[in-house]
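Please open the structure in your viewer and keep the selection tool at hand. The stops below say what to select next and what is to be found there.

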Amino acid sequence: MAGRAAREPREGAFLPRFPAVTTDSPLRVAVVGSGPAGFYAAGHLLASDLAVEVDVIDRLPTPWGLVRLGVAPDHPNIKAVSRVFEKTAQRPGFRFLGNVEVGRDVSHAELAERYDAVVYACGAQTDRPLGIEGEDLPGSWPATAFVAWYNGHPDYADHEFDLSCERVVVIGNGNVAADVARMLVLPREELEVTDTAHHAIDALADSGVREVIVLGRRGPAQAAFTNPEVRELGELTQADVIIDPTAVELDEASAAFLASDDADVTNRKNHESFTEFAAREPEGKPKRVELRFLRSPEAIGGDGKVEWIDVEINELFTDDAGAVRARGTGETERIECGMVLRSIGYLGTGIDGVPLDVQRGVIPNVGGRVVDDNGHHLPGQYVVGWIKRGPSGVIGTNKKDAQETVGLLLEDAAAGTLPEPSGDKGALHALLAEREIDHVEFDGWQAIDAIEQERGAPHGRPRVKLTKIEEMLHHAKGGGDG
């Protein structure tokens, strides 16, 4: 287990500005969520000049959030960021409390009673709905559920996805849409060297899917994919990437956009890649991924399950503010398919006692300070990551985001505006024990990690993930495979 002693202040650190913070009475902070945003926040706090103790709380027994359960399994280099977080976990003053759900096992009010500050880093946990007819038909899924399933999230390990169909439609032009399209056409030999959940490998490798159509509301110049994701689509070993050559011809609005300061290098490089894809002759690979732009979903239909999706064909225009937007032309087309995966954005969910902007799916805040309906800061409440700014950016974006929030938290500590905890500071352990909450500390996670790697090694895989909470808890306590 990581050392729990409060971090000693740096030699020469000027502590009188923080009269209540000493090595005997450190600043105690609860961080709710152990993904990148939560760990970056913990790291900034523990690297400060103060004596700080940080408890990182997660509802799952395993840390890393989307690094473990959201990043595509064939992206091991991105997952390697967890090594940075492991170093944070070894700092004095750090503690991990997994299998503890705020709102179920402990309330926000109970955290506020025990900590000088609470930082919410709970991400965007649900998908943004399409709001169209047929969205709830069997075979229509949020991409979040599909991603969680193939990544071995305990909440989704028992889900069943009917992959017997030949065509899948993916709605969205962001990286998650690219990930699910790619995962649907990877061959077995490429899946078996990843940490794809064991239950998903056979299902994906033996599926009937031969074609994936990825729909974007706007044009190729406005697609939100990052450049590496686009390049990977062009490098698929078992699928041709298809784009209609007319789709990459720039309309007036897109040409003006690419020539303006509003476009960045990502937009320009993506359009170059799409243009190159459109010029390719199909190689006759067994599968295909088609990128179809200027399409908005209108309705999903079928006899008791997904059999087709109707989409409206759009055109682009520049609005009064200079932004390129899409509008329907009234022309529609029907695409026959057996599954629809929607990936048009994500929303954060509420926690009792903490404000929520329902429309945006974020905790309302100014720079990371949580605010009420009148814009007044709620002392001791802070927010980082997607639940702060919405689902934008890449993993590294959370580092600067967390630094901003932590800076304000320390500023408030300096000003003496943090509320005084009414209970025993940091004494969450006692409450969990009283309620018989079977929590997992960092050494318990390390035991889970070790057994997963041990199971993966004979197969040349980085790990075989445990997908059942009960099994995780068993190994966290040192239980064997017997």
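**The enclosed space**

The residues that line the largest cavity divide into 5 nonpolar, 1 polar and 5 charged, where Ala, Val, Leu, Ile, Met, Phe, Trp, Tyr, Cys and Pro count as nonpolar, Asp, Glu, Lys and Arg as charged, and the others, Gly among them, as polar. This is a predicted model, in which local features need pLDDT of at least 70 and side-chain atom pairs count only at pLDDT 80 or more, while totals for chains, interfaces and linings use all residues. Residues are numbered from 1 along each chain as its sequence is written, and side-chain values use heavy atoms, with hydrogens and water left out.

Select Leu233, Gly234, Ala239, Asp240, Val241, Ile242, Arg280, Glu281, Pro282, Glu283 and Lys285 to show the lining of the largest cavity. On a 1 Å grid over the protein atoms alone, a cavity is a set of points where a 1.4 Å probe fits but cannot get out, and lining residues have an atom within 4 Å of a point. The volume of the largest cavity, about 90 Å³, is the space filled by probe spheres set on the points, which are joined across faces, edges and corners.

**Strand 9 and its partner**

Next select strand 9 (residues 239-242), which gives the largest share of that lining, 4 residues; strands (E, at least two residues) and helices (H or I, at least four) are DSSP runs, numbered from the N terminus. Ala239 and Val241 point one way from strand 9, Asp240 and Ile242 point the other way, and all are buried, meaning under 20% relative accessible area with a 1.4 Å probe and protein chains only. In a regular strand the side chains alternate between the two faces of the sheet.

**A histidine in a loop**

Move to the loop between helix 6 (143-150) and strand 7 (167-171), where His153 lies. Is His153 buried or exposed? His153 is buried, with a relative accessible area of 11%. Leaving aside its neighbours within four places in sequence, His153 is in contact (heavy atoms within 4.5 Å) with Arg59, Leu60, Leu69 and Ala148.

Methods. On a 1 Å grid over the protein atoms alone, a cavity is a set of points where a 1.4 Å probe fits but cannot get out, and a pocket is an open set with protein on both sides within 12 Å along at least five of seven lines; lining residues have an atom within 4 Å of a point. Buried means under 20% relative accessible area, exposed over 50%, partly exposed in between (1.4 Å probe, protein chains only).
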